[in-house]
Amino acid sequence: IVGAIKKINTRKGDTMAFVTIEDYYGSIECLAFARTYERIKGSLRRDAVVRISGKLDLPSEKAPVIILDKLEEVAEEEPKTGEEPVQNAQKEEEKEQVLWIDARSLTEEDFNELLETLSSYEGDVRCKLLYGGKRYEFRVRLNRAFMAEVMSFLPESCVKLL
């Protein structure tokens, strides 16, 4: 869901936008450069349910950002005759979600404690953890207890589900 849109003008006078995309687990900042903004501006409005694609930018000192290639509004579709809603649910499940955790601000002691926490929630969701210039990968079980424990180590802005 589009949470916020901040338009700015480039030095050349073109318009580009910073778009905040939100879901049940958090939000992520997206950047639409001028050419992309021109293509997507018709679908870009607050509270719109959208599907995005782009490149994930992982700056070393900041939270991850998505450089947008596409943004399209998702329209709720009625199942076609003979097509069951279960098939649509299966298609959605095929897209694998990744939980990004930026733990670069943690001390080594807190980081080790976070690793212990992650190991007690082994599951089927890919988790990528950034710490000390390295990227660690795990599979975790997402639930409220897991998110509460992770949030006890890090602010919400450091945890993104994409």
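1. Start in strand 8, where R135 is the bridge partner of L130. Strand 7 (residues 122-131) and strand 8 pair in the antiparallel sense over eight bridges. Two strands count as paired if DSSP finds at least two bridges between them. Strands (E, at least two residues) and helices (H or I, at least four) are DSSP runs, numbered from the N terminus.

2. A word on the source. This is a predicted model, in which local features need pLDDT of at least 70 and side-chain atom pairs count only at pLDDT 80 or more, while totals for chains, interfaces and linings use all residues. Residues are numbered from 1 along each chain as its sequence is written, and side-chain values use heavy atoms, with hydrogens and water left out.

3. Contact means heavy atoms within 4.5 Å.

4. Back to R135. Its relative accessibility is 46%, so R135 counts as partly exposed. The classes are buried (under 20% relative accessible area), exposed (over 50%) and partly exposed in between, with a 1.4 Å probe and protein chains only. Leaving aside neighbours within four places in sequence, R135 is in contact with L58, W100, K128, L129 and L130. R135 and D102 are 33 residues apart in sequence, and their C-alpha atoms are 9.4 Å apart.

5. The structure holds seven salt bridges. Each is a side-chain nitrogen of Lys or Arg within 4 Å of a carboxyl oxygen of Asp or Glu. One of them joins E73 and R45 (2.4 Å, N to O). E73 lies in strand 5 (residues 65-73) and R45 in the loop between helix 1 and strand 4, so the pair ties together parts 28 residues apart in sequence. E73 is partly exposed at 36%, and R45 is partly exposed at 44%.

6. R51 and E72 also meet in a salt bridge (3.7 Å, N to O). R51 is in strand 4 and E72 in strand 5, so parts 21 residues apart in sequence are tied together.

7. R126 and E137 form another salt bridge (4.0 Å, N to O). Salt bridges that share partners join R126, K128 and E137 into one network.

8. Elsewhere, strand 1 and strand 2 (residues 15-23) run antiparallel, joined by seven bridges. I5 has V19 in strand 2 as its bridge partner. Their hairpin has five residues between the strands, and there G13 takes a positive phi near 95°.

9. Check D47. Its phi is positive, about 70°, although D47 is not a glycine. Most residues other than glycine have a negative phi. D47 lies in the loop between helix 1 (34-40) and strand 4 (50-57), and is exposed at 53% relative accessibility.
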